[in-house]
Amino acid sequence: MRPLRAIGLTATAEDTYLALVQRGPTTSAALASILRVTPDAVDAAAGELTGLSLVEPDGERLVACPPRAALDALSEIRAKELVGLC
């Protein structure tokens, strides 16, 4: 099941976010190894997540924002996007 894909995240971004929630602050290189993807893929996912306020950089590490607050913010963004389509 891919719950975050339903709100518009890519698979790699979802995997990155979930790994950060489970493991805590982690470097992009370590995430790439854990997720078995390229560092460039993690960097792109981190950019996507940072743009949505789901992740914040802390030096060389990435930190997941609390899931509840982050998902509330993301759902608000998506709702505003949908209103703009009507």
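1. Helices α1 and α3 are roughly perpendicular to each other, a label that covers angles of 65 to 115 degrees (under 35 is roughly parallel, over 145 roughly antiparallel, the rest oblique). The packing angle is about 80°, and the axes lie 8 Å apart. Axes here are lines fitted to C-alpha atoms, for helices over the stretch in contact, and angles run from 0 to 180 degrees between N-to-C directions. Helix α1 spans residues 11-23 and helix α3 residues 39-51.

2. A word on the source. This is a predicted model, where local features need pLDDT of at least 70, side-chain atom pairs count only at pLDDT 80 or more, and totals for chains, interfaces and linings use all residues. Residues are numbered from 1 along each chain as its sequence is written, and side-chain values use heavy atoms, without hydrogens and water.

3. Which residues bring α1 and α3 together? From α1 come Thr-12, Ala-13, Thr-16 and Tyr-17; they meet Ala-41, Ala-45, Glu-48 and Leu-49 of α3. Contact means heavy atoms within 4.5 Å. By class, this contact has five nonpolar, two polar and one charged residues. Nonpolar means Ala, Val, Leu, Ile, Met, Phe, Trp, Tyr, Cys and Pro; charged means Asp, Glu, Lys and Arg; the others, Gly among them, are polar.

4. Helix α3 also meets helix α2 (residues 28-35). Their axes come within 8 Å and cross at roughly 110°. This pair, α2 and α3, is therefore roughly perpendicular too. The α2 and α3 crossing is right-handed, meaning the near helix is turned clockwise from the far one by less than a right angle.

5. In the α2 and α3 contact, Ser-28, Leu-31 and Ala-32 of α2 meet Pro-39, Val-42 and Asp-43 of α3.

6. Look at Ser-28, in helix α2. Is Ser-28 buried or exposed? Ser-28 is buried, at 17% relative accessible area; the cut-offs are under 20% for buried and over 50% for exposed, with partly exposed in between (1.4 Å probe, protein chains only). Leaving aside residues up to four places away in sequence, Ser-28 touches Val-42, Asp-43, Glu-60 and Leu-62.

7. Now the whole chain. Four helices and three strands make up its secondary structure, in the order α-β-α-α-β-β-α. These are DSSP runs numbered from the N terminus: helices are H or I, at least four residues, and strands E, at least two. Of the 86 residues, 29% count as buried. Among contacts between residues at least 6 apart in sequence, 50% join residues at least 24 apart.
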